[in-house]
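Student: I have a chain on screen and some questions about it. Can we go through them one by one?

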Amino acid sequence: MTAPASPPPGALARRLNLGDAVVIGLGSMIGAGIFASFAPAAAAAGAGLLIGLVLAGFIAFCNATSSAQLAAQYPTSGGTYVYGRERLGEWPGFVAGWSFVVGKTASSAAMAITFATYAVPTVWVKPVAILAVIVLTVVNTLGITRTALLTRILVAVALLALTLAVVIGFTHTAASATTPGTPPTVYGVLQSAGFLFFAFAGYARIATMGEEVVDPARTIPRAITTALTIALVVYTLVAVSALHALGPAGLASSPAPLSAVADATGADWPGIVIRIGAAAAALGALLAMIAGIGRTSLAMARNRDLPGSFAAVHPRFHVPYRAELALGLVVCVLVAVTDLRGAIGFSSFGVLLYYFVANLSAWTQDRSRRRYPRALAVVGAVGCLVLVVTLPVGAIVAGIVVLAVGVGYRVVRLRVAR
């Protein structure tokens, strides 16, 4: 038996096995989807959110197959930022990386707010959310194995609470269940799919950690498809049970819908258990998001698409600590100035563009590198564009402005470099 070789200076350590990768992907998805996006999806489509969930899940599957086969060919940090550069050129890679960083930064703010919404009274939501960001940023800087261990604990707590919510949802009905919700329309269903796509994007965290996964060519594709399948089953059970208990109108109007499901029992303890689970799930998602954004920022900084100081890797813990500390600061600012619905819409805009580039990159792969039919990449790319244009206008405008800022930054940097 020999100890694992230490990574060279500036490189990350391969310490994550298949179970770790699946758990990190689940931790990124479970908190984001169930406890944040169902309410705005119900507001957009009423009971039609179930169709939106299926549509979002199918597009996510197409994206996952593209990400999986690209990650097998390019097992390094950065995810689609790297794939876009290698397959399409520097500019598509930059657009993907920038979209991911800004979109998932907004997701991190949404998860921090979700955690605090379930954990504390309304007046304390923003301060507690900022405190959560600070604590989890510090945890991430202490090493990826600590991130994976804490994520396992948080996912286990969340799944136990969700099991309770599903049982209650199928066996109880609140008074709001009889109130008619928003009539489903094609546009509303598509918009709900855009919101719910936010729930499936966690598997990208696995691909962005390609430099830290053991046997990445085999582990990453298996981890991505496994995590996505588990999440889809969980989402479907929770969505159907919540609609049964609250109805579309009750689900749309509740800031903490699964707590409202628990309240249908008339007892206090189910609500307490579900709030604990919701808080744990949101923390798990936030923890994994900080890790994933840090790795993409590291890859971009190595190519000078972000400030070069973000490429620094801690000599002891082997994490991109400067990028993660800077990210934590930005997320704290977003928590202070945004609300949950706005953060989800803006995040979906950035993440859908990210996967659009991923699908285009997968379409260009040689036959020997493709593990799935090329048609899935085409469907995934078209689906991403359709969902982008159905997002709220404010989210689209904000996304375009932030994208323009990133493009402007890179244009200036290239001119200075010349």
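Student: Is cysteine 332 buried or exposed?

Tutor: This is a predicted model, where local features need pLDDT of at least 70, side-chain atom pairs count only at pLDDT 80 or more, and totals for chains, interfaces and linings use all residues. Residues are numbered from 1 along each chain as its sequence is written, and side-chain values use heavy atoms, with hydrogens and water left out. Buried means under 20% relative accessible area, exposed over 50%, partly exposed in between (1.4 Å probe, protein chains only). Cysteine 332 has 15% relative accessibility, so it counts as buried.

Student: Which cysteine sulfur is nearest to that of cysteine 384?

Tutor: A disulfide needs a pair of cysteine sulfur atoms within 2.5 Å. Cysteine 384 is in no disulfide. The nearest cysteine sulfur lies 8.8 Å away and belongs to cysteine 62.

Student: Why does cysteine 384 count as buried?

Tutor: The residue counts as buried because of its relative accessibility. For cysteine 384 that value is 0%.

Student: What radius of gyration does the chain have?

Tutor: The radius is taken over C-alpha atoms, and the globule rule is 2.2 Å times the number of residues to the power 0.38. For 418 residues, a compact globule would come near 22 Å. The chain agrees with that, at 20 Å.

Student: What share of the residues in the chain is buried?

Tutor: The total runs over 418 residues. Buried ones make up 58%.
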